[in-house]
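Please look at the chain shown here with its packing and its charged side-chain pairs in mind.

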Amino acid sequence: MHSLTFFLVLQFTKGIEVKKVCNIVRFTRKRKCIEFNYKMGGSTLERISSVPDLGVILSSDLSWNLHIDSICKRANQSLGYIKRVCGKDCSLKIKRTLYCALTRSVLEYNSVVWAVNETNNVRIERIQKAATRYMVHYKDVSYGERLKICNLMSLVHRRELLDLCFLYKCKIGDYCIELNKFVEAANPVYNTRHSSPANFKMRKCNTNYVKKIFFNRVVPMWNKLPEDLKLSEISANIFKIKVKAMLEC
């Protein structure tokens, strides 16, 4: 309410048109919705289909296609820049450092927020495949071998690692998030070899969209971790090192 009042004051005192700084975006997966024109200070607000927020593009249909289009485009541009500047004569260490700093960071930014389907996963991984071919001078080796040579993880495993680290930081209190509002302990009735007091209850998901929500997709991965790792009270950095070693096996 204070922000709306502030914009109205700007309109009347500075002559700024509200419709130039305010828009409407509706988030829904419904195909048919009731349309309504909203006005502020006598101006009809424009309806838009997407809005950027802290580096993440939020689409009105709740899909991540626009955001993934954006990060793939920027990552390809930065990879092309690295190739033009470094050429083929730079060492593998320099190429890898530039790739991780300029390209991979774009593909992983806020990855715990957004989710990918199989099609978008292939698109994102394709960029790292191209980067590893460049790093090893286009040697005729498989993608898995190139990852070992460059000391890199696949981006799929990198996102899994970041998801698990984020959940662990929430669990040990590094982030001010009340974890019990989003996940609940499994509390198994019978003790089996797969039951654990450190496991979380898996929610029933009827659609793939719901399965990809962060706390729904990370719980199955968490439950598969070793018992001693889930019950430990180690630092987040040590937890990351141990999970990374498991994912690289």
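The report below covers the overall fold, the nonpolar cores and the salt bridges.

This is a predicted model, in which local features need pLDDT of at least 70 and side-chain atom pairs count only at pLDDT 80 or more, while totals for chains, interfaces and linings use all residues. Residues are numbered from 1 along each chain as its sequence is written, and side-chain values use heavy atoms, with hydrogens and water left out.

The chain has eleven helices and six strands, these being DSSP runs numbered from the N terminus (helices H or I, at least four residues; strands E, at least two). Of its 249 residues, 37% are buried, where buried means under 20% relative accessible area, exposed over 50%, and partly exposed in between (1.4 Å probe, protein chains only). Among contacts (heavy atoms within 4.5 Å) with a separation of 6 or more, 59% are between residues 24 or more positions apart.

A nonpolar core is a set of buried Ala, Val, Leu, Ile, Met, Phe, Trp, Tyr and Cys residues joined through side-chain atoms within 4.5 Å. The largest such core has 25 residues, and those with the most contacts inside it are Ile68, Tyr99, Leu107, Trp114, Ile124 and Leu152. At least two residues of this core come from each of helix H3 (65-86), helix H4 (92-108), helix H5 (118-135) and helix H6 (143-150). Leaving aside residues up to four places away in sequence, Trp114 touches Trp64, His67, Ile68, Ile71, Leu107, Tyr109, Ile124, Arg159 and Arg217. A second, separate core of 24 residues includes Cys165, Tyr168, Phe200 and Val218.

The whole structure contains five salt bridges, each defined as a side-chain nitrogen of Lys or Arg within 4 Å of a carboxyl oxygen of Asp or Glu. The table lists some of them.

| Salt bridge | Closest N to O |
|---|---|
| Arg123 and Asp69 | 2.7 Å |
| Glu108 and Arg158 | 2.7 Å |

Arg123 is partly exposed at 27% relative accessibility, and Asp69 is partly exposed at 34%.

Glu108, by contrast, is buried at 12%, as is Arg158 at 11%. This pair links helix H4, which holds Glu108, to helix H7 (residues 155-172), which holds Arg158, across 50 residues.

Asp163 is buried at 4% and Arg217 at 17%; Asp163 in helix H7 and Arg217 in helix H9 (residues 214-223) are 54 residues apart. Finally, salt bridges with shared partners join Arg104, Glu108 and Arg158 into one network.
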